[in-house]
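Hi there,

Here is the structure I promised to pass on.

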Amino acid sequence: MILSLFSRKAKANEAITIAIYETIVAAARQPYFYSDLDVPDSPLGRYEMLSLHVFLFIRRIKGRGDALKSIGQEVIDEFFRDVDHSLRELGIGDSGVPKRMKKLARMFYGRIESYDKALENDDKTELAIALARNIRPDNAGWTGSTALANYVEQVVLLLETQPDDVLASGKLVFPDAAATLSEPQA
């Protein structure tokens, strides 16, 4: 009997994690990023947008209690399982996946640090530079970084309006990038 209680709780947590992760993936795959902001529509470009959205969720729940901390860790674990799966789908063999996963993990945590620092300093220019450096290192004049920095700031504000208990139930909302970025910025 007691084991069935743990099993139900684990399945509920898994459902919450999957719901949140699917919302994050949908937000990261918005066509506007790739068509209008010129984010590369490539495995690395999609990784960059996905890692940005995972970061935004993790940043929102940071320090908000054990339930959200647990969900945050599960979302990060799901993100890395997804990345691992994607590498294998790209044809990377079993011996090459761990090496690439280590590199992608370092990239992810480096991005968290630079994006978080820019947001903590309320420095949109620093944020745009960090986004450009990570998303379009091949294009020093990438103009999409400023618009993407505006989007990130809008996401941070929207996520703050979403109550902890709603997030803990698996409900998460990201803005429509096209609508958010077509509105005049304050």
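The largest pocket in this predicted model holds about 580 Å³ of space. Its lining is made up of 21 residues, and those nearest the centre are Pro 43, Leu 44, Tyr 47, Ser 86 and Leu 90. If you colour the lining by class, you will find 14 nonpolar residues, six charged ones and one polar one.

Where does the lining of the largest pocket come from? At least two residues each are supplied by helix 1 (2-28), helix 3 (43-61), helix 4 (66-89) and helix 5 (97-120). Helix 4 is the biggest giver here, with six residues.

Next comes the second largest pocket, with a volume of about 190 Å³. The residues around the second largest pocket are Arg 59, Ala 118, Leu 119, Asp 122, Asp 123, Lys 124, Leu 127, Glu 153, Gln 154, Val 156 and Leu 157. By class, five of these lining residues are nonpolar, five are charged and one is polar. Helix 5, helix 6 (124-135) and helix 7 (144-160) each bring at least two residues to this lining, and helix 7 gives the most, with four.

Helix 6 and helix 7 also pack against one another. As a reminder, a pair of packed helices is described by the angle between the axes and the distance between them. For helix 6 and helix 7, the angle is about 115° and the axes lie 8 Å apart. Their crossing is right-handed. On the helix 6 side, the contact is made by Lys 124, Leu 127, Ala 128, Leu 131, Ala 132 and Ile 135. Helix 7 answers with Ser 145, Thr 146, Leu 148, Ala 149, Asn 150, Val 152 and Glu 153. Sorted by class, the contact of helix 6 with helix 7 has eight nonpolar, three polar and two charged residues.

Is Gly 72 buried or exposed? Its relative accessibility is 5%, and buried means under 20%, so Gly 72 counts as buried. Beyond its neighbours within four places in sequence, Gly 72 is in contact with Phe 57, Ile 58 and Ile 61. Val 54 lies 18 residues away from Gly 72 along the chain, and 9.1 Å separates their C-alpha atoms.

Key. Residues are numbered from 1 along each chain as its sequence is written. This is a predicted model: local features need pLDDT of at least 70, side-chain atom pairs count only at pLDDT 80 or more; totals for chains, interfaces and linings use all residues. Side-chain values use heavy atoms; hydrogens and water are left out. On a 1 Å grid over the protein atoms alone, a cavity is a set of points where a 1.4 Å probe fits but cannot get out, and a pocket is an open set with protein on both sides within 12 Å along at least five of seven lines; lining residues have an atom within 4 Å of a point. Grid points are joined across faces, edges and corners, and a volume is the space filled by probe spheres set on the points. Ala, Val, Leu, Ile, Met, Phe, Trp, Tyr, Cys and Pro count as nonpolar, Asp, Glu, Lys and Arg as charged, and the others, Gly among them, as polar. Buried means under 20% relative accessible area, exposed over 50%, partly exposed in between (1.4 Å probe, protein chains only). Contact means heavy atoms within 4.5 Å. Axes are lines fitted to C-alpha atoms, for helices over the stretch in contact, and angles run from 0 to 180 degrees between N-to-C directions. A crossing is left-handed if the near helix is turned anticlockwise from the far one by less than a right angle, and right-handed if clockwise.
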